[in-house]
Amino acid sequence: MTWKMENLLIAVSLIVVTSSAKQTFKIAGIVSTDQMGRALEDAVRIANQDMPSNLQLQALYIKMDANPIRSALNLCSDVISKGIHTVIVSKPENSDISPPISVSYTCGFYSIPVIGISARDSSFSDMTVHKTFLRTVPPYFHQADVWLKMLEYFDWNQVVFIHSMDTEGRMILNRFQSKAEEIMIEKVIKYPSGSKDYQPYLQQLDSLQSRVVLLSATEEDADQIFRDAEALNLTGEGYAWIVSEQALTSTSVPEGTLGLKLLHGTSEKDHIQDCVRLIKQTVKQLFNGTLTQITDTPTSCKNSSSSWQAGNSILQALLAAKLENGNTGKVAFDSDGDRLNPDYYIQNVKIENGQKKLEDIGYYADPKVSSNALEIKDSKIIWPGKKTTKPSGINISTELKASIRRMQRVVTLESVPFVYTRKMTGSDSCNWDKNERLCPLVNETTGIREDYCCWGYCIDMLIQIADMVNFTYSIHLGSSGEFGSYKKVNKTSEKKWNGVIAELINKEADMIVAPLTINPERAGHIDFSKPFKYQGLTILVKKTATESKLDSFLQPFEDTLWILVALSVHVVALVLYLLDRFSPFGRFKLAKNNDTEEDALNLSSAMWFAWGVLLNSGIGEGTPRSFSARVLGMVWAGFAMIIVASYTANLAAFLVLDRPEASITGIDDARLRNPNEDFKYATVRNSAVEMYFKRQVELSTMYRQMEPRNYKTAEEAIQDIVNANLQAFIWDSSRLEYEAGQNCDLITVGDLFGRSGLGVGLQKKSPWTSKISMAILKLHEKGNMEDLDNKWILEGRNDCPEKDTTPATLGLTNMASVFLMVAGGIIAGIILIVIEIAYKRHRGLKDKELELARNAADRWRGNIEKRRTLRQTLQRQREEQERLARLATQKKPGVEGNGSALGRGPVGQGNGYNLPVDHPPPRVGHRLSYTEATGGQMYSPPSYRTVTHSATINNPVYMDKSAEDNYV
């Protein structure tokens with residue numbers, strides 16, 4: 001009857017919800033008992049009392065089944081089918097070993113948010129697998145955060161970490177290592193879960209220096225581990241065990257053990273109430289924002305469609321939500337859905353009246369929430385062996401105590417600026433006020449001792465560390481003068497260390513305080529402190545000033561560009577000529593233009609125009625006339641402006657800002673990778689740098705090249721760099737940067753490579769390693785190391801001129817090439833004028849010869865014409881004489897004369913000859929000249945009109961000659 005009434009009430013409530021159009025947010029609880037289910041319903045009912053009128057929460061619950069398959073089936077049939085929006089999941093009744101994996105997988109597939117209130121396995125922190133799973137309890141591996149705070153409180157710096165080989169063990173170790181910056185894990189011991197004998201894993205604890213043991217184990221494994229540890233006497237006086245929550249509940253846990261207990265870790269009701277309050281807060285925020293209703297809620301596990309979008313929105317809102325005053329404290333989640341701000345009790349195992357009990361001796365709260373995160377009452381703690389005083393945390397045996405009393409022997413090496421040395425003479429002493437310390441050197445060959453004073457970066461650091469750690473010391477210089485390397489002895493298979501590392505291994509020294517590089521080879525045989533300085537390797541070379549060459553003014557452009565510019569000038573000139581020649585508006589085509597053809601743009605003028613525009617010289621004549629050629633001319637002027645401006649800018653970089661350059665660019669330079677005899681480089685033998693090159697396969701060629709040239713000390717190599725006997729020296733960046741700052745002729749090149757740190761070297765398993773490391777870390781925190789850098793490495797640098805910021809004054813060496821170019825132009829001009837004169841002379845001779853030939857030809861033609869004219873004249877004279885003779889015969893036959901057929905007739909009145917009236921008569925017996933015969937007319941070259949004068953002569957002088965001689 002009660003069941004029917006409940007169903008009736010639910011139906012009525014559904015009708016009311018529907019009629020009032022309220023938005024219902026459904027919460028399902030998968031709880032351990034019905035009592036917890038009713039607690040869920042009560043929490044929802046209380047939450048609805050102050051919900052907005054348009055919103056309400058609705059709860060339903062089922063009991064958690066220990067069988068994961070049945071649990072998943074129940075989830076589908078009784079929860080998802082009801083359109084649930086969020087699930088709160090606990091654990092099965094009376095079982096802590098059944099995590100809600102099936103619930104997380106199923107709800108994650110449909111994007112339904114799940115809030116776990118008891119699952120603490122580390123696997124649930126993987127959001128890629130458990131996509132929608134959040135939890136109000138922290139995972140087990142978060143205990144590592146509290147362990148670190150406890151170790152810091154008890155001033156323990158060295159621990160042994162024991163964990164299982166499963167996921168839980170690996171996760172807590174990773175968490176511890178990621179946050180343990182100042183804690184050294186001496187040994188990590190991994191054991192298989194479920195083993196019946198752990199003594200083989202625990203036996204090595206006795207030989208370790210650390211006596212602080214961190215244990216992560218389940219309750220079952222812890223039972224056997226504690227029994228085996230007690231059998232090996234590893235739980236007595238001097239030891240300190242800090243264990244996980246699960247291990248602390250073991251029945252075999254020894255007295256004096258410290259552990260943790262999560263506050264409210266098992267209060268299921270409190271967690272349910274906090275979940276409901278957090279969901280209520282989230283839903284109100286969602287519906288006050290952009291969300292108006294929730295749709296497409298999954299209602300069946302048979303639907304394999306895509307994920308529920310509203311569910312993803314609800315999940316993101318829950319991840320960002322915070323509940324300030326929950327029953328279990330402040331509730332919030334990290335990005336993995338894990339609980340933030342958990343609170344723990346710190347408990348101590350005690351035996352009273354034969355019964356073991358756990359007593360709260362401290363409290364831990366998240367530092368972000370509580371100002372006093374860790375509180376421990378030391379007076380309430382009982383330590384192993386029923387001791388009330390805190391163990392030292394390290395194994396101090398009788399032999400080790402004697403060793404500690406001898407902890408005075410410090411070996412060092414001269415290495416500027418870390419360690420300076422000077423030899424003491426006479427009554428000289430070291431100045432303690434300037435932190436100088438006595439550091440004798442014993443010759444390894446003769447055994448003679450020489451006293452030196454040492455000071456510098458490392459000595460100042462040693463003084464401060466000794467004050468902090470409270471030990472005394474004596475310093476001596478390494479007799480070998482080398483850091484040491486691991487090499488074969490006398491060509492045998494046996495390998496041994498040499499140098500100062502050998503002194504440490506052979507217990508001739510207790511620590512090395514020098515710029516000792518930390519590397520794997522050394523770390524296998526000695527211990528190192530935390531690095532006191534981080535550095536890398538770099539290359540030191542001597543600056544090489546760039547010499548000005550005769551063609552330095554050509555350097556701004558490459559040869560290819562110069563060729564293209566020169567070619568462009570001639571191509572543009574040719575195109576200008578052609579455009580102006582064939583354009584209808586060019587000077588060749590303008591009929592009305594008064595310019596002659598010589599004034600037009602010929603090829604020579606076009607060439608002059610192109611060069612003139614490029615060199616910005618005046619152009620007085622020979623400019624293009626046509627529009628097309630002028631457009632090209634404007635484009636060429638723009639080109640010339642860009643070229644000249646670029647050239648001018650780059651010329652300043654090459655001449656004015658000429659600065660010294662390094663001969664190489666870095667470790668990848670071809671001269672290092674492909675060595676030759678002309679370029680020598682080296683490092684220091686038996687050093688960490690040499691070992692670095694030896695173990696790097698890609699640098700094996702460089703190692704073989706350097707090996708026979710390596711120096712004994714860095715000082716010798718640097719001096720050879722200065723003297724130009726060595727081209728490159730590879731060494732620690734801090735030392736080489738110091739040298740480059742002291743000598744302006746030196747420079748470091750390339751990026752740092754082979755990065756490492758410098759540390760203090762100690763004997764293997766030395767109890768002082770952690771203390772000295774802590775002292776170095778504190779010096780870093782206080783800024784003391786930075787002060788040492790400023791004092792010894794950065795200060796005292798020479799102010800080398802920065803050529804790249806201050807322009808240099810140009811000299812003759814920079815501009816000699818320009819003067820030579822002008823001189824070359826003058827010489828070229830002289831040579832060209834000589835050629836022009838010689839050519840002109842040669843051309844004049846040719847013209848003279850041609851003129852002479854022309855004159856000779858003219859004379860020859862004149863002679864020929866004269867002879868022809870004479871013949872014609874004589875012919876006419878004969879014809880006239882014959883005519884006159886005939887006439888005379890007809891008129892006066894037998895007239896007396898002077899023997900000539902010509903008488904004093906009417907033709908020649910007054911002179912008796914047939915001559916012009918104004919011509920004088922010829923003398924008897926005189927041979928007429930050409931002038932007399934032609935009437936005084938000299939010969940002239942034939943012209944367009946020829947006047948011929950002729951005379952008929954009958955001179956007795958020529959009577960005995962040929963008849964033709966009488967004709968002139």
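This is a predicted model: local features need pLDDT of at least 70, side-chain atom pairs count only at pLDDT 80 or more; totals for chains, interfaces and linings use all residues.
Let me begin with Cys76 and Cys301. These two residues are joined by a disulfide, with an S to S distance of 2.0 Å. Cys76 belongs to helix H3, residues 68-78, while Cys301 sits in the loop between helix H10 (268-288) and helix H11 (309-320), so this pair ties together parts that are 225 residues apart in sequence. The torsion about the S-S bond is about -95°, and the disulfide is therefore left-handed.

I turn now to Cys430 and Cys453. Their disulfide has an S to S distance of 1.9 Å. Cys430 is found in the loop between strand S17 (420-423) and strand S18 (437-438), and Cys453 is found in strand S21, residues 452-455, so the link ties together parts that are 23 residues apart in sequence. The link of Cys430 and Cys453 is left-handed, with -100° about the S-S bond. Cys430 and Cys453 are both buried.

The remaining pair is Cys439 and Cys454, whose sulfur atoms are 1.8 Å apart. Is this link left-handed or right-handed? With 90° about the S-S bond, the link of Cys439 and Cys454 is right-handed. Cys439 lies in the loop between S18 and strand S19 (441-442), and Cys454 lies in strand S21; the two are 15 residues apart and link distant parts of the chain. Cys439 is buried, as is Cys454.

Two further cysteines deserve mention. Cys275 has a relative accessible area of 1% and is therefore buried. Cys458, at 0% relative accessibility, also counts as buried.

Let us now consider the surface. Which residues make the nonpolar surface patch? Leu561, Leu564, Leu567, Val571 and Val575 make this patch, which covers about 390 Å². Val575 has its place in helix H16, residues 559-582. Because its relative accessibility is 34%, Val575 counts as partly exposed.

There is also a positive surface patch, formed by Lys487, Lys488, Lys495 and Lys694. Among these lysines, Lys495 lies in strand S24, residues 495-497. Its relative accessibility of 40% means that Lys495 counts as partly exposed.

Finally, I come to helix H20, residues 688-695. Why is this helix described as largely enclosed by the rest of the structure? The reason is that 6 of its 8 residues are buried. The buried residues of H20 are Ala688, Val689, Glu690, Met691, Tyr692 and Phe693.

The C-alpha atoms of Met691 and Glu521 are separated by 8.4 Å, although the two residues are 170 residues apart along the chain. Glu521 has its place in helix H15, residues 520-523. While Met691 is buried, Glu521 is partly exposed, with a relative accessible area of 24%.

Thank you for your attention.

How values were computed. Residues are numbered from 1 along each chain as its sequence is written. Side-chain values use heavy atoms; hydrogens and water are left out. Patches are made of residues with over 30% relative accessible area and no salt bridge: like charges are joined within 9 Å, nonpolar side chains (Val, Leu, Ile, Met, Phe, Trp, Tyr) within 5 Å. Accessible areas come from the Shrake-Rupley method with a 1.4 Å probe; for residues, only the protein chains shown count as cover. A salt bridge is a side-chain nitrogen of Lys or Arg within 4 Å of a carboxyl oxygen of Asp or Glu. Helices (H or I, at least four residues) and strands (E, at least two) are DSSP runs, numbered from the N terminus. Buried means under 20% relative accessible area, exposed over 50%, partly exposed in between (1.4 Å probe, protein chains only). Lys and Arg count as positive and Asp and Glu as negative; His and the chain ends are not counted. The place of a charge is taken as NZ of Lys, CZ of Arg, CG of Asp or CD of Glu. A disulfide is a pair of cysteine sulfur atoms within 2.5 Å.
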